[in-house]
Amino acid sequence: MINQDFWLNRSVFITGHTGFKGAWLSLWLSQLGAHVHGFSLAPETKPNFFDVCGVDGYLESHTIADIRDSRAVSAALKSANPSIVFHLAAQPLVRQSYRDPVFTLETNVLGVVNVLEAARHVSSVRAVLNVTTDKCYENLETRRPYREGDALGGHDIYSASKACSEIISSSYRRSFLALEDKHLATARAGNVIGGGDWSVDRLLPDFFRAVEKGECVRIRSPKAIRPWQHVLQVLWGYVTLAQYLYNHGNDYSGAWNLGPDAIDSKPVQWIMDSLCAAVPGASWMVDSSFAPHEAELLSLDSAKAREALGWRMIWNLSRAITETINWHEAHRAGMNMHEYSLRQIGLFMADARESYGESIHCA
C-alpha cells in the first residue's frame, strides 16, 4: 500500500507531468505531501486534465521543455534534487509512430537516455522508474499472457521504441546505476482509461468527443483484445513500486508487469457496447480508413507484482468505465475537477483499504 509518511516532503521529479497519467500522478503525489517537480512539453489538447484540475498550482516547479534536450533535462533534474524520478514523457501512440517514426524514436529512445544520464550525475537520486508499455513485447498474438522475461520486440515503431527503452534501462542499470547505489525499474502497464483523457487516437477520448458532438463513434479494430485498467490502478502500482525500489534497492530493480486480471482483457467491441449502454444516444461503427498494423491480441501476466508488491486489482473494468463516465459527467456539469479528482483518489484508496483489510502493509 501507499505510505503517506514516505512521500511527505519528499522531492520527486516527473517527466511527462502534463500528460494524462503524469498529471494524475502529480496531483496524487502532491496530495500526499511530496514536492513534485515536473518536466514536460505543454499539454497537447484543449481541454486536458493538467489545466482542468489546476495541477500546476500544486507543483514545486514546472518546466516546459523537450525530453530530447539533454541540457534542459540535466538542468531541471539537478535543480529539483529529487530522491525519486518517474519517467513518463513519451510519444505514446502507435498510429503517430507510423506518421512520424523519427520523432517517436528520438523521444522514446533518446529521451530515456537523457533522463538516465542526468540521474547518474545527481547524487540525491536513489530510485528511477521508467514507465514503458505492454507493447514492448515481441507479440506473437498467442493467448498466453506475457511475462517479464519474455522476448522484447515490436512490429510498429512505437512498440520498437519502447522495447529499446527497456533494453537501455537494463544496460544503464547494470553498467552504471547499480554501481552508484541508484536503483532502476521499468513498469509495463496495459491500456489505461480514466477521467480527463482527451488524447487523440485513444478509444475513450474518441468516444467522449463524438458524444459531445452528437456523432457516431468510429472504431478501427472492434475485435482487438487489450488489458484495460483505470489510471488510478496503474498509478498505485507505480507509486508502490517506487517505494519498494527506494527502500529495498536492487531486490525490486528490473521489469514489472502491471496489467489487469485476465477477465478484464476485453475486445474493443465490449468496451464500446458498455459505454453506449451507459450513455444515452451514443453509438459506434467500424471505420478502417487508416488502420496500419496493430496487434489483435495482447495480455500481461502480473503475478510478480501481485506476489512481491502485494498489488492487486481494486477497480475492475466495469468499475473503471463507470468512474471514467462519472468524471466526464462531473466536468460537463461544471464541478471543481481538482476537488472531484481528489475525491476519486480518496474513493479508490478507501476501496483498497477495504479490499486488503488486515493484510494492508506499507513498503
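Two residues are in contact when heavy atoms of each lie within 4.5 Å. By that criterion, Trp-28 in this predicted model touches Ile-2, Leu-232, Leu-235, Trp-236, Ile-345, Phe-348 and Met-349, leaving out residues up to four places away in sequence.

**Nonpolar cores**

Trp-28 belongs to the largest nonpolar core, which has 61 residues. Trp-28 is among the members that touch the most other members, together with Trp-7, Trp-24, Leu-29, Phe-86, Trp-236 and Tyr-238. Helix H9 (residues 231-248) supplies the largest share of this core, 11 residues. Apart from this core lies another, of 24 residues, including Leu-77, Ala-118, Ala-119 and Val-122. In soluble globular proteins, nonpolar side chains tend to be buried together.

**Overall fold**

The protein has 13 helices and 12 strands. Its radius of gyration is 19 Å, close to the 21 Å that the globule rule gives for 363 residues, so the protein is as compact as a globular protein of that length. Along the principal axes, the C-alpha atoms fill a box of roughly 55 × 40 × 40 Å. Of the 363 residues, 57% count as buried. Contacts between residues at least 6 apart in sequence join residues at least 24 apart in 82% of cases.

The accessible surface comes to about 14,600 Å², and carbon and sulfur atoms account for 50% of that area. The protein carries 34 positive and 39 negative charges, whose mean positions are 2 Å apart.

Lys-162 lies in helix H7. Is Lys-162 buried or exposed? Its relative accessible area is 5%, under the 20% cut-off, so Lys-162 is buried. Leaving out residues up to four places away in sequence, Lys-162 touches Ala-90, Asn-108, Val-131, Thr-132, Thr-133 and Cys-136. Lys-162 and Thr-104 are 58 residues apart in sequence, with a C-alpha to C-alpha distance of 9.7 Å.

Ser-40 is in strand E2. At 8% relative accessibility, Ser-40 also counts as buried. Beyond its neighbours within four places in sequence, Ser-40 is in contact with Gly-16, His-17, Thr-18, Thr-63, Ile-64 and Ala-65. One of these contacts, Thr-63, is 23 residues from Ser-40 along the chain, and their C-alpha atoms are separated by 6.4 Å.

**Backbone features in loops**

Most residues other than glycine have a negative phi, and most peptide bonds are trans. Asn-9 and Glu-141 have positive phi values, as listed below.

Which peptide bond is cis? The bond from Lys-46 to Pro-47 is cis, with omega near 0°. Pro-47 lies in the loop between strand E2 (35-40) and helix H3 (49-52), and strand E2 is also the place of Ser-40.

Definitions and conventions: Residues are numbered from 1 along each chain as its sequence is written. This is a predicted model: local features need pLDDT of at least 70, side-chain atom pairs count only at pLDDT 80 or more; totals for chains, interfaces and linings use all residues. Side-chain values use heavy atoms; hydrogens and water are left out. Helices (H or I, at least four residues) and strands (E, at least two) are DSSP runs, numbered from the N terminus. The radius of gyration is taken over C-alpha atoms; the globule rule is 2.2 Å times the number of residues to the power 0.38. Buried means under 20% relative accessible area, exposed over 50%, partly exposed in between (1.4 Å probe, protein chains only). Accessible areas come from the Shrake-Rupley method with a 1.4 Å probe; for residues, only the protein chains shown count as cover. Lys and Arg count as positive and Asp and Glu as negative; His and the chain ends are not counted. The place of a charge is taken as NZ of Lys, CZ of Arg, CG of Asp or CD of Glu. A nonpolar core is a set of buried Ala, Val, Leu, Ile, Met, Phe, Trp, Tyr and Cys residues joined through side-chain atoms within 4.5 Å.
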